[in-house]
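Trainee: Could we go through this structure together? I would like to learn how to read it.
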Amino acid sequence: MYIELREKGGKFYVLLRHEDTKEKAVAHFVSNSEVESYNVAKQFAKQNKCLIRVTEAQNLETPELPKPPEYT
């Protein structure tokens, strides 16, 4: 497992990823601030005892955002 900090189109996405998974990337945090996103990624990495991978997503797809809970 690792934390991926991905920059695309001026936005910074924080993703929790597993090495061998083929599932679509889901962002757990999105921000316009690189510093704020890096701090969140660092906190996730500390909590999960894993490394951070920083990528610039020129040709990668934009990760989807998690769906908010539906209240009935």
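Trainee: What pLDDT does the chain average, and what share of the residues score at least 70?

Mentor: This is a predicted model, in which local features need pLDDT of at least 70 and side-chain atom pairs count only at pLDDT 80 or more, while totals for chains, interfaces and linings use all residues. Residues are numbered from 1 along each chain as its sequence is written, and side-chain values use heavy atoms, with hydrogens and water left out. The average pLDDT of the chain is 85, and 93% of the residues score at least 70; pLDDT is the predictor's confidence in each residue, from 0 to 100.

Trainee: Which element has the lowest mean pLDDT, and which the highest?

Mentor: The lowest mean belongs to β4, at 87, and the highest to α1, at 94.

Trainee: How many helices and strands are there, and in what pattern?

Mentor: There are one helix and four strands. Helices (H or I, at least four residues) and strands (E, at least two) are DSSP runs, numbered from the N terminus. Along the sequence, the pattern reads β-β-β-α-β. The radius of gyration is 12 Å, close to the 11 Å that the globule rule gives for 72 residues, so the chain is as compact as a globular protein of that length. That radius is taken over C-alpha atoms, and the globule rule is 2.2 Å times the number of residues to the power 0.38.

Trainee: Turning to the helix, which residues of α1 are buried?

Mentor: They are S37, A41 and A45. They cover an arc of only 75 degrees around the axis, which puts them on the same side of α1; the arc is that of the directions from the helix axis to the C-beta atoms. Buried means under 20% relative accessible area, exposed over 50%, and partly exposed in between (1.4 Å probe, protein chains only).

Trainee: Why would residues three or four places apart point the same way?

Mentor: An α-helix has 3.6 residues a turn, so residues at that spacing point the same way.

Trainee: What do the buried residues of α1 pack against, and what is exposed on the other side?

Mentor: The buried residues pack against β1 (2-8), β2, β3 (27-31) and β4. On the other side of α1, the exposed residues are V35, K46 and Q47.

Trainee: What caps the N-terminal end of α1?

Mentor: The cap is S33, with a side-chain oxygen 3.2 Å from the backbone nitrogen of E36.

Trainee: A change of topic: is R17 buried or exposed?

Mentor: R17 counts as buried because its relative accessibility is 14%. R17 belongs to strand β2 (residues 11-17).

Trainee: Which side chain does the side chain of R17 make a polar contact with?

Mentor: The partner is the side chain of E4, at 3.4 Å. A polar contact is a pair of N or O atoms within 3.5 Å; within protein, one must be able to donate a hydrogen and the other to accept it, and residues adjacent in sequence count only if both atoms are side-chain atoms.

Methods. Contact = heavy atoms within 4.5 Å.
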